[in-house]
Amino acid sequence: MLIGEVSKRSGVSSRMLRHYESLGLVRPSGRTGSGYREYSAQDIRRIFHIESLRSLGLSLREIGRALDDPGFTPSELVDDLVRRTGERIAAETELLTRLRRIDAADPADWEGVLQVVALLQALGSPSADARQRAALSSADRAPVPVEALVEAVLGETDPYVAGALRWALAQSGAGGTALLAKGLGSPVAAVRNRAVRSLAEMPGEEASVHLREALAHPDEVVRRYAALALGTRGEVEAITTLLDMIVEGGNDTDAADALSELATDPAAADRIATGLVDLLARDTTGAPARGRLTQALAGIPGATASRALVELSHDEERAVRLTAVYLLRLRG
């Protein structure tokens, strides 16, 4: 079979077949009387083998070794191909993500594109100062895509940079709220922690919805941050979790402050005071917890809290009794 027919049947150009021959990959078995290359069935099978190996990403040199070395074992080469392919896919995926983020920023001109690229690079800088500057400048310069800000804040370990990123997210609007909520489902506790802290600083009802849902989260840290944030937003759904925090001693001072803010509403104040009294009456509540519950009554106005303090001023536990007496004096 002549080279033209081989090219037609194999899909390999005549030029490439000659290149294979120059490298010694294919050697036509014969020549016609006129001196034209003539390929046998075995030659054609070898061409198909070469093309198959090329489709796996092997170089022509590696293909020659694979086909001609009797002692060649493919496992090491295949492992290397797997590694190289993974690296290539990762690089292409990173490039695709970067391009999509630039597109999302909708720059007006090439200067805008360059600004977005510079900010994205700064957010990934090993320098904490550079990352912080990028976060703080994102509101004044070309806007950083929300996806990039969320990714940065969920992975940020420096507290100052994280604070700047949370601020930048809050300034960017509600676009990042849903992405942050997805972070609550991360298998990494630190990521969940960063997600709920960022949600706490996001404005709007959508953030409040996700925070209310987080009150039932299996991660205790997430529940507590959500409750504290909801307390400052005046959400009474947080009361139960805040009361539990005082009993357990986890961020109890912050929880008491949040309850105090909620208690500016008379109905909420009565509900909080009733909850504190009920917890004080439980046999399972230990002395330290009873002391914290008594102190929490300080910020709760109304008759229910005052009556509770009067009763506690005669409590058998000295610390509770003295605290109640002191708080009653403050109330006049």
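What is the volume of the second largest pocket? In this predicted model, the second largest pocket has a volume of about 160 Å³.

To display its lining, select Arg166, Arg197, Ala200, Glu201, Tyr225, Leu228, Ala229 and Thr232. Next, colour helix H11 (189-200) and helix H13 (220-232), each of which supplies at least two residues of this lining. The greatest contribution comes from H13, with four residues.

Select helix H9 (residues 159-171), which has 13 residues. From first C-alpha to last, H9 reaches 18 Å, close to the 18 Å expected at 1.5 Å a residue. Arg166 is buried in H9, as are Val161, Ala162, Ala164, Leu165, Ala168, Leu169 and Ala170. At the start of the helix, show Asp158 and Tyr160: a side-chain oxygen of Asp158 lies within 2.9 Å of the backbone nitrogen of Tyr160. Just after H9, select Gly173, which adopts a positive phi of about 100°.

The tour now turns to the interior. In soluble globular proteins, nonpolar side chains tend to be buried together. The largest nonpolar core comprises 65 residues, and Leu242, Leu259 and Ile300 touch the most other members. Helix H8 (residues 146-155) gives the most to this core, with seven residues. A separate core of 17 residues lies apart from it and includes Ile3, Ile47, Ile50 and Leu53.

Finally, centre the view on Ile300. Leaving aside residues up to four places away in sequence, Ile300 touches Leu259, Ser260, Ala263, Ala269, Ile272, Ala273, Leu276, Ala305 and Arg331.

How values were computed: Residues numbered from 1 in each chain as written. Predicted model: local features only at pLDDT ≥ 70, side-chain atom pairs only at ≥ 80, totals over all residues. Heavy atoms only, no water. Expected span 1.5 Å × (residues − 1). Buried < 20%, exposed > 50% of the residue type's maximum accessible area, 1.4 Å probe, protein only. Polar contact = N/O pair within 3.5 Å; in protein donor to acceptor, adjacent residues only side chain to side chain. Core = buried A, V, L, I, M, F, W, Y, C linked by side-chain atoms within 4.5 Å. Contact = heavy atoms within 4.5 Å. 1 Å grid on protein atoms, 1.4 Å probe; cavity = no way out; pocket = protein on both sides within 12 Å on 5 of 7 lines; lining within 4 Å. Points joined across faces, edges and corners; volume = space filled by probe spheres on them.
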